[in-house]
Amino acid sequence: MSSSSISPAHAGIPVLPHVWHQRLAGCRIEAQAIGASRADVFRAHGGDGPDVFLKREPADDPFGELQDEVARLRWLQGQGVEAAQVLDTHDDANGRWLLMRAVP
């Protein structure tokens, strides 16, 4: 990882999208093993704001779920249901990414 301000919890953390380096500056990134997602899930905490979650799936995954998850989360919020807030999405050579706020 090129930014020393983003502290990975261990070597299993992939290279994060460059566009998020400033947003995640000072955060500790930890892989998450709970949940049912097939995507890689990471929690970022310790920065200037509330915890956020990052999800990544391979760009070429024919069974990718992130685009549909983003649509569902945005729909739920539009219905007044408390759900994780989608902060950003990003596609790059390392996969499809979703950045969302942790639900309190």
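What follows is a walk through this predicted model, from its overall layout to a few side-chain pairs.

Since the model is predicted, local features need pLDDT of at least 70 and side-chain atom pairs count only at pLDDT 80 or more, while totals for chains, interfaces and linings use all residues. Residues are numbered from 1 along each chain as its sequence is written, and side-chain values use heavy atoms, with hydrogens and water left out.

Let's start with the layout. The protein chain has one helix and six strands; these are DSSP runs numbered from the N terminus, with helices being H or I of at least four residues and strands E of at least two. Follow the sequence along and you get the pattern β-β-β-β-α-β-β. Of the 104 residues in the protein chain, 35% are buried, where buried means under 20% relative accessible area, exposed over 50%, and partly exposed in between (1.4 Å probe, protein chains only). The accessible surface of the protein chain comes to about 6300 Å², and carbon and sulfur atoms hold 50% of that; such areas come from the Shrake-Rupley method with a 1.4 Å probe, and for residues only the protein chains shown count as cover. As for contacts (heavy atoms within 4.5 Å), take those with a separation of 6 or more: 38% of them in the protein chain are between residues 24 or more positions apart.

Now pick up the strands at E2 (residues 28-32). E2 runs antiparallel to strand E3 (residues 40-45), and five bridges join the two; strands count as paired if DSSP finds at least two bridges between them. If you want a landmark here, Arg-28 has His-45 in E3 as its bridge partner. E3 also pairs with E4, again over five bridges and in the antiparallel sense, and there Ala-44 has Val-52 in E4 as its bridge partner. The hairpin of E3 and E4 has six residues between the strands, and in it Gly-46 takes a positive phi near 95°.

Next come the charged pairs. The structure holds six salt bridges, each a side-chain nitrogen of Lys or Arg within 4 Å of a carboxyl oxygen of Asp or Glu. One of them joins the side chains of Asp-51 and Arg-43 at 2.8 Å, N to O. Asp-51 counts as partly exposed because its relative accessibility is 22%, and Arg-43, at 26%, is partly exposed too.

Glu-69 and Lys-55 form another salt bridge, at 3.0 Å, N to O. This pair links distant parts of the chain, with Glu-69 in helix H1 (residues 66-78) and Lys-55 in strand E4 (residues 52-57), 14 residues apart. Both Glu-69 and Lys-55 are buried.

With a relative accessibility of 4%, Glu-57 counts as buried.

Finally, the rings. There is one aromatic pair, going by rings of Phe, Tyr and Trp (its six-membered ring) with centres within 6.5 Å; planes under 30 degrees apart count as stacked, over 60 as edge-to-face and the rest as tilted. The rings of Trp-20 and Trp-97 have centres 6.1 Å apart and planes at 85°, so the pair is edge-to-face. Because Trp-20 lies in the loop between strand E1 (7-8) and E2, and Trp-97 in strand E6, the pair ties together parts that are 77 residues apart in sequence. Both Trp-20 and Trp-97 are buried.
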